[in-house]
Amino acid sequence: MRSKLGRGILKFIGLNLLVAVLYIVSGKFGLLYALPPGFSTIIWPASGIALGAALVWGAICYPGIFIGSFALNLYVGYAGDTLAFNYLDFIIAAFIGASAVLQAAIGVYLVAKLIGLFDTLYEYKKILIFFCICGPGSAIVNTTLSNSFLLYNNVISSSEFWLSWLTWWVGDTIG
């Protein structure tokens with residue numbers, strides 16, 4: 001018979017693997033609509049997967065969000081004009097992954113404070129708060145941090161920053 005610890009570890013690994021796979025699959029769909037260099041897209045369902053997973057399972061699923069985001073953004077960096085990974089691809093992917101986790105955590109915080117974590121969203125007021133404040137508010141986090149990091153590392157230019165920022169924010173909000 002397996003120990004409780006062993007079952008708990010398997011559940012943790014399985015849950016995070018599920019979240020990472022769902023993030024990657026939904027993110028690959030979003031990448032079909034990405035602006036060059038491929039980091040910002042007008043629809044990013046993976047942000048919805050991340051927020052939904054964080055709302056349902058809590059912080060235990062944060063590693064899965066990070067792994068999914070890291071893998072997708074490493075792919076975007078690799079799919080660029082080079083044929084080999086470099087250290088900057090890993091750093092950018094890790095930064096965006098950490099920002100995706102922070103965005104989901106802030107989304108959970110906003111839902112908890114403004115609506116309630118276990119609310120069923122039957123009231124129009126709460127639905128509007130969720131769709132007009134919680135989603136767009138939390139989407140600002142990854143959008144701002146990641147685009148600033150891309151600008152700092154010369155992946156996007158200052159003239160591309162605001163279009164990339166707006167596209168990323170809209171994509172995460174819709175997601």
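Predicted model: local features only at pLDDT ≥ 70, side-chain atom pairs only at ≥ 80, totals over all residues.

Biologist: Next, packing. At what angle do α4 and α5 pack?

Modeller: About 160 degrees, with their axes 9 Å apart. Angles over 145 degrees count as roughly antiparallel, so α4 and α5 are roughly antiparallel to each other. The crossing of α4 past α5 is right-handed. Sort that contact by residue class and you get 19 nonpolar, eight polar and no charged residues.

Biologist: And how do the axes of α5 and α6 cross?

Modeller: Helix α5 (residues 124-152) and helix α6 (residues 158-174) have axes that come within 8 Å and cross at roughly 150 degrees. That makes α5 roughly antiparallel to α6. This crossing is right-handed. By class, the contact of α5 with α6 has nine nonpolar, 10 polar and one charged residues. On the α5 side, the residues involved include G135, P136 and S146, while the α6 side includes F161, W165 and W168.

Biologist: Which residues of α6 are buried?

Modeller: Start with the general idea: an α-helix has 3.6 residues a turn, so residues three or four places apart point the same way. In α6, the buried ones are F161, S164, W165, T167, W168, G171 and D172. They pack against β1 (34-35), β2 (40-41), α2 (45-57), α4 and α5. For α1, the buried list includes L15, V19, Y23 and L31.

Biologist: Let's zoom in on single residues. Is S99 buried or exposed?

Modeller: The cut-off for buried is under 20% relative accessible area. S99 has 2% relative accessibility, so it counts as buried. Its place is in helix α4 (residues 87-114). Leave out neighbours within four places in sequence, and S99 is in contact with V141, N142, L145 and S146.

Biologist: What does S146 touch, with neighbours within four places in sequence left aside?

Modeller: S146 is in contact with F95, I96, S99 and W168. S146 lies in helix α5 and, at 1% relative accessibility, counts as buried.

Biologist: Where does G97 sit?

Modeller: G97 is in helix α4, and its 0% relative accessibility makes it buried. With neighbours within four places in sequence set aside, G97 is in contact with F66, S69 and F70. For a distance to check yourself, take the C-alpha atoms of G97 and A50: they are 47 residues apart along the chain and separated by 11 Å.

Biologist: Last one, backbone angles. What phi does N154 have?

Modeller: The background is that most residues other than glycine have a negative phi. N154 is not a glycine, yet it has a positive phi of about 60 degrees. Look for N154 in the loop between α5 and α6. At 68% relative accessibility, N154 counts as exposed.

Definitions and conventions. Residues numbered from 1 in each chain as written. Heavy atoms only, no water. Helix = DSSP H or I, 4+ residues; strand = E, 2+ residues; numbered from the N terminus. Buried < 20%, exposed > 50% of the residue type's maximum accessible area, 1.4 Å probe, protein only. Contact = heavy atoms within 4.5 Å. Axes fitted to C-alpha atoms, helices over the stretch in contact; angles between N-to-C directions. Parallel < 35°, antiparallel > 145°, perpendicular 65-115°, else oblique. Left-handed = near helix turned anticlockwise from the far one by under 90°. Nonpolar A, V, L, I, M, F, W, Y, C, P; charged D, E, K, R; others polar.
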